Every structure is written in C-alpha cells, then in structure tokens.
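Student: I am new to this structure. Please take me through it step by step.

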Amino acid sequence: MEKYTSRLEAFSDGVFAIAITLLVLELKVPHLASGAAESTAAALRDSLAEQWPAYVSFVTSFFTILIIWVHHHALFRLVYRTDARLLFANGLLLMMVTVVPFPTAVVAEYIQTSAAP
C-alpha cells in the first residue's frame, strides 16, 4: 500500500526541528564586569553556574519535544493516508509542541523566587 503522508510528515518534522532549535535562544552568554580583575575563569564559571535554571529548562524542553517527536514518528509508520481531521489534529499537536518552551522558561525564570510553589 502506498503512503500518502510524506508532506504532513515533512511539515511536522520541520516544526519539531524549529521548535527544538529555538530552545537554545534562551541560553544567554554571561557578561562579566569590564575590569580585567573581574574577568577571570572563576568569574565566568560562577556566572555560567548561576544560569542553571535556564539549562534545566533547555534540557527539559528538548527531551519533552524529542519524546513527542519519537512517538509522532512511530505513529506515522502506521498511517498511510490523511484527511482533514488528521491534519487539524496534527496541527493542534504541533501548536502544543511550539508552546513547550514557554512553561519551562517561566519555571526557570522564577524557580528561585517566592513565586515558585
């Protein structure tokens, strides 16, 4: 039986790839004080370590999206044709995938404040 899902799969893979790639934009290069004494390896290490919530957010979002993509791929090995319902359901899934970084970024931003539960 011939498969008629290649366009949907290619579009979905593109959305997954872009969503995962955009995650890295939340990782910021620390800016140390401009004086030579403040720009040491230890100061850089400490600045990078202070950003640990952003790293946790990145890893959490990356693996969440990866798990969704793996299951999406497995599901589409079984699908041979599409219809409007599948296209809209897939679109809804992709919309949720693109939103995944937002809640994890919120948690990363406020995890060390009194706003965190």
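Student: Which helix is Phe 11 found in?

Tutor: First, some ground rules: this is a predicted model, where local features need pLDDT of at least 70, side-chain atom pairs count only at pLDDT 80 or more, and totals for chains, interfaces and linings use all residues. Residues are numbered from 1 along each chain as its sequence is written, and side-chain values use heavy atoms, leaving out hydrogens and water. Helices here are DSSP runs of H or I with at least four residues, numbered from the N terminus, while strands are E runs of at least two. Residues 6–22 make up the helix that holds Phe 11, and that is H1.

Student: Is Phe 11 buried or exposed?

Tutor: Buried means under 20% relative accessible area, exposed means over 50%, and partly exposed lies in between (1.4 Å probe, protein chains only). Phe 11 has 53% relative accessibility, so Phe 11 counts as exposed.

Student: How many Å apart in space are Phe 11 and Leu 94?

Tutor: Along the sequence, 83 residues separate Phe 11 and Leu 94. In space, C-alpha to C-alpha, the separation is 9.8 Å.

Student: Which residue forms a salt bridge with Lys 3?

Tutor: A salt bridge needs a side-chain nitrogen of Lys or Arg within 4 Å of a carboxyl oxygen of Asp or Glu. The structure holds one. Lys 3 is partly exposed because its relative accessibility is 32%. The closest N and O atoms are 3.8 Å apart, and the partner of Lys 3 is Glu 9.

Student: What is the volume of the largest pocket?

Tutor: The search runs on a 1 Å grid over the protein atoms alone: a cavity is a set of points where a 1.4 Å probe fits but cannot get out, and a pocket is an open set with protein on both sides within 12 Å along at least five of seven lines. Grid points are joined across faces, edges and corners, and a volume is the space filled by probe spheres set on the points. For the largest pocket, that gives about 320 Å³.

Student: Which elements give two or more residues to the lining of the largest pocket?

Tutor: Lining residues have an atom within 4 Å of a point. There are 16 of them, and those closest to the centre are Glu 26, Ala 54, Ala 105, Ala 108 and Glu 109. The elements asked for are helix H3 (52–76) and helix H5 (101–110).

Student: How many residues of that lining are charged?

Tutor: Asp, Glu, Lys and Arg count as charged; Ala, Val, Leu, Ile, Met, Phe, Trp, Tyr, Cys and Pro as nonpolar; the others, Gly among them, as polar. The lining has seven nonpolar and five polar residues, and the charged ones number four.

Student: Which element gives the most to the nonpolar patch?

Tutor: Helix H2 (41–50) and H3 each give two or more residues. With three residues, the top contributor is H3.

Student: Where does Leu 27 lie?

Tutor: Leu 27 has a relative accessible area of 29%, so Leu 27 is partly exposed. Its C-alpha is 10 Å from that of Ala 105, 78 residues away in sequence. Leu 27 lies in the loop between H1 and H2.
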